[in-house]
Structures are given as C-alpha cells and as structure tokens.
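Biologist: I have a model open and I'd like to talk it through with you. Can you show me what we are looking at?

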2 protein chains.
Amino acid sequence: MERVPILKIGDILLVSIQVDMSDQTAVQLQEDLAERIVATGCHGVIIDITALDIVDSFVGRMLSTIASISKVLDAETVVVGMRPAVAITLVELGLSLNGIRTALNVERGMELIAAAHADELAFDDEPDAETTALS
Amino acid sequence: MERVPILKIGDILLVSIQVDMSDQTAVQLQEDLAERIVATGCHGVIIDITALDIVDSFVGRMLSTIASISKVLDAETVVVGMRPAVAITLVELGLSLNGIRTALNVERGMELIAAAHADELAFDDEPDAETTALS
C-alpha cells in the first residue's frame with residue numbers, strides 16, 4: 001500500500017499529494033497526520049496539491065476531514081498549489097472546501113499559519129475570564 | 001505524464017519523490033529542477049525519498065545526475081528520508097551515491113544547505129588571488 005509521506009519543517013507538517021488517493025490511502029494519511037500532529041505538537045498542516053489534475057468530491061471530502069481533524073488537534077490546515085483548472089472545476093461541480101484555507105504556494109501557506117498562530121497566542125495572552133476559569 | 005512537483009521554501013527547492021520514476025519522468029524532473037534553480041536563484045535542493053521502498057541503480061543515477069546539474073548551477077543537493085532498508089540495499093548492491101549528501105530529515109537537510117552556503121559566502125569574501133584574477 002502506498003503511503004503519503006509527511007515532512008516536518010519547523011512548526012509545520014507538509015504533505016505533498018502526488019498519487020491517486022484510494023479509500024485506504026486517504027484513511028492512512030488521516031491517521032498518520034493525526035499521530036504526527038500529536039507527536040510533534042505542530043501548529044500547521046500544509047497540503048500541496050500541485051500534482052493533482054483533478055480534485056473530485058472524494059479528494060475534497062478527504063481535505064475537509066483532514067482540516068477538521070487538525071482543527072481539534074489545534075493545527076491549522078492550508079491547501080496550497082491548486083491549479084487554475086482545478087479551482088474552476090471545483091466551482092463548476094459546486095464543491096466548496098469547507099473549513100479549508102488556501103494559499104498560492106508553500107511559502108504563503110507558511111505565512112498564513114504563522115499569522116494564525118500568532119493571533120491565537122495573542123488571544124491566549126489576554127486576561128480572559130472564561131479561559132482563566134477553565135484553566 | 002506524471003510530473004513531480006517542486007516546492008520552493010525560502011532558499012531551498014524541495015522535491016518529494018513518491019511515484020515510480022520512468023525515464024521520461026526523470027528527465028522531466030531534471031529539466032524542471034534546472035529551470036527552477038535558475039529562475040529562483042535557490043542555493044539548495046532537497047530530495048525526499050521517504051516514500052521509496054527501493055532505490056535501484058536507475059534512481060541512484062538520477063539522483064547523481066540531479067546533484068551534478070545542481071552543482072554547476074551553484075546549488076547543493078541533499079537527499080533526505082532514506083529508510084534503513086534502502087541504505088542497506090544500496091550498500092549491498094554496491095551503489096554509491098556519488099556527489100550526493102544525505103541527511104536524516106528535511107530539517108537537517110536545510111541546516112546542511114544553510115551551513116554549506118554560509119561556508120561558500122565566507123570563502124567568497126576572502127581576498128583570494130585566484131578568484132580575484134577570475135572575476
């Protein structure tokens with residue numbers, strides 16, 4: 001079975017999807033990613049889809065699931081490298097990538113994650129009654 | 001034809017090899033990489049082979065060729081993510097990855113390239129008779 005490699009770069013996990021995703025590969029990737037997020041404490045996941053000619057509803061759903069899993073593990077997901085044709089097809093098919101942020105390339109994705117994480121830290125630092133009560 | 005995506009991260013180009021390389025894919029990758037090195041002025045190429053179960057003589061030669069091409073374009077090549085089994089097979093087959101540096105993971109590869117580039121800059125700064133005569 002093919003396994004999509006997950007690369008750690010600083011505070012970010014990078015996944016480059018190049019192979020056709022089967023049900024099994026997709027589930028494996030979700031499990032691997034969840035484990036790596038917990039093991040590394042990374043705050044961002046970048047999924048590169050430069051190599052994909054087509055993003056169908058299956059891949060779209062997989063991306064949404066990954067984003068949701070990452071979210072509950074306190075990591076932001078950004079999809080990068082979407083081709084113009086893929087974007088057009090997505091809209092034509094009426095597929096919206098729910099809860100997924102996109103960026104033009106890996107570098108911009110990293111900036112987006114860094115900014116989101118900085119916002120979060122700033123928010124955490126605020127003396128907030130609710131969080132104080134919870135902690 | 002499949003095309004291996006090349007990701008730019010800062011001063012480095014990252015290639016994650018996940019598909020079986022055919023003659024054509026390998027040549028295409030070499031061309032794409034050479035073009036991107038020139039276009040971006042990057043000083044390092046990181047090739048991730050985490051996904052490869054086997055590095056045969058064909059892939060070994062491709063890696064060596066990429067390293068040589070990068071070298072003449074003033075970029076350092078580092079191969080990362082080699083599995084233990086792959087390393088053992090390489091040695092057993094008597095394949096030496098000529099002119100290729102390796103690192104355990106992408107982060108260490110980046111450190112290696114940064115260090116190599118810093119050395120080079122330090123060397124360039126030295127008042128050396130030979131380089132002065134050439135420039």
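This is a predicted model: local features need pLDDT of at least 70, side-chain atom pairs count only at pLDDT 80 or more; totals for chains, interfaces and linings use all residues.

Biologist: What makes Asp53(A) and Arg83(A) a salt bridge?

Modeller: Their side chains come to 2.5 Å, N to O. The cut-off is 4 Å between a side-chain nitrogen of Lys or Arg and a carboxyl oxygen of Asp or Glu, so the pair qualifies.

Biologist: Why say that this pair ties parts of chain A together?

Modeller: Look at where the two residues sit. Asp53(A) is in the loop between strand E3 (44-48) and helix H2 (57-72), while Arg83(A) is in the loop between strand E4 (76-80) and helix H3 (84-93), so the pair links parts that are 30 residues apart in sequence.

Biologist: On to the two chains. How many salt bridges are there between chain A and chain B?

Modeller: Two salt bridges. In one of them, Glu107(A) pairs with Lys8(B), with the closest N and O atoms 3.1 Å apart.

Biologist: Which parts of chain A supply at least two residues each to the side that touches chain B?

Modeller: Strand E1 (6-9), strand E2 (12-16) and helix H4 (106-125) each do. By class, that side has nine nonpolar, four polar and five charged residues.

Biologist: How much area do the two chains bury between them?

Modeller: About 1400 Å², with 62% of it on carbon and sulfur atoms. In chain A, Leu7(A), Gln18(A) and Glu107(A) lose the most area to chain B, together 38% of what that side buries.

Biologist: Why are the two copies said to be related as by a two-fold rotation axis?

Modeller: Check the turn and the shift. Chain A can be laid on chain B by a turn of 180° and a shift of 0.0 Å along the axis, with an RMSD of 0.0 Å. The copies are therefore related as by a two-fold rotation axis. The same surface serves both copies, as 100% of the contact residues of chain A recur in chain B.

Note on methods. Residues are numbered from 1 along each chain as its sequence is written. Chains are lettered from A and ligands numbered from 1 in the order in which they are written. Side-chain values use heavy atoms; hydrogens and water are left out. Buried area is the accessible area (1.4 Å probe) that two parts lose on being put together, summed over both. Helices (H or I, at least four residues) and strands (E, at least two) are DSSP runs, numbered from the N terminus. Ala, Val, Leu, Ile, Met, Phe, Trp, Tyr, Cys and Pro count as nonpolar, Asp, Glu, Lys and Arg as charged, and the others, Gly among them, as polar. Copies are superposed by least squares on the C-alpha atoms of residues with pLDDT of at least 70 in both. Contact means heavy atoms within 4.5 Å.
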